[in-house]
Amino acid sequence: MCYAVYIGTDTPQPTSEWEKDNRNIYIKDLIERDFPVRTNFSKPFIYYVGSNLGCGCGFFPNGPLYPDDGEDMQRFEKAKRSLKALVAFIEENLATAETVEVFVTWEGRQSEPPTRRRTLSPNELCANPEPFGEEGQLMVNVPIEEQDFIVMKKTSG
């Protein structure tokens, strides 16, 4: 099962297609299966946003990370680039708007309402691995859960 990530903005956004080897983030207009998410948003422009993996999973590299595993680190670096691109997209929109809205759900659960509503700043999304568990293992934890509706606000200060 994959994450589906939707973003609501005050202004129209350029859309793009996913490219397997050349894309950290892409923005698409909603298609029919996405239409139920509209009821969650107050913003006039709503888009599906995908990561380097093609779905929303690449934005949230949660779980164990083994620094001495080259493939694991490569996947993590790609996920970090996607997450940074998502944060940059949000920050770019916050330059001209008070808020940007984000809804994270599982594919197939688009018609279900959010179970948690939160307010975050974009920098609170950035994953930082923390030492955890067995020796040589790190734990990555992005503060997002399925069915989260997040109002993104500018970083204060």
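This is a predicted model: local features need pLDDT of at least 70, side-chain atom pairs count only at pLDDT 80 or more; totals for chains, interfaces and linings use all residues.
At 3% relative accessibility, Phe 149 is classed as buried, because buried means under 20%. Phe 149 belongs to strand S9, which covers residues 148–153.

The charged end of Arg 117 sits over the ring of Phe 149, 4.8 Å from the ring centre. For another such arrangement, select Arg 38 and Phe 35; here the charged end of Arg 38 is 4.1 Å from the centre of the Phe 35 ring and sits over that ring.

Turn now to the other aromatic rings. The model contains seven aromatic pairs. One of them is formed by Tyr 6 and Tyr 48, whose ring centres are 5.6 Å apart and whose planes stand at 75°, so the pair is edge-to-face. Tyr 6 is in strand S1 (residues 3–9) and Tyr 48 is in strand S3, 42 residues apart. Tyr 6 is buried, with a relative accessible area of 0%, and Tyr 48 counts as buried at 5%. Then select Tyr 3, Phe 59, Phe 60 and Trp 106, which ring pairs link into a cluster.

Switch to a cartoon view to follow the strands. Six strands form an open sheet in the order S2-S3-S1-S5-S9-S6, with mixed pairing. Strand S2 (25–29) and strand S6 (116–120) are the edge strands, each pairing on one side only. From one strand to the next, the twist averages 25°. Strands S2 and S3 run antiparallel and are joined by five bridges.

Finish at Ser 51, in strand S3 (residues 45–51). Is Ser 51 buried or exposed? Ser 51 is buried, with a relative accessible area of 0%. The side chain of Ser 51 reaches the backbone oxygen of Cys 55 at 2.7 Å and the backbone nitrogen of Gly 58 at 3.1 Å. Leaving aside residues up to four places away in sequence, Ser 51 touches several residues, among them Trp 18, Asn 24, Tyr 26, Phe 59 and Ser 82.

Methods. Residues are numbered from 1 along each chain as its sequence is written. Side-chain values use heavy atoms; hydrogens and water are left out. Helices (H or I, at least four residues) and strands (E, at least two) are DSSP runs, numbered from the N terminus. Buried means under 20% relative accessible area, exposed over 50%, partly exposed in between (1.4 Å probe, protein chains only). A polar contact is a pair of N or O atoms within 3.5 Å; within protein, one must be able to donate a hydrogen and the other to accept it, and residues adjacent in sequence count only if both atoms are side-chain atoms. Contact means heavy atoms within 4.5 Å. Two strands pair if DSSP finds at least two bridges between them. Axes are lines fitted to C-alpha atoms, for helices over the stretch in contact, and angles run from 0 to 180 degrees between N-to-C directions. Rings of Phe, Tyr and Trp (its six-membered ring) pair if their centres lie within 6.5 Å; planes under 30 degrees apart count as stacked, over 60 as edge-to-face and the rest as tilted. A charge sits over a ring if NZ of Lys or CZ of Arg is within 6 Å of the ring centre and within 35 degrees of the ring normal.
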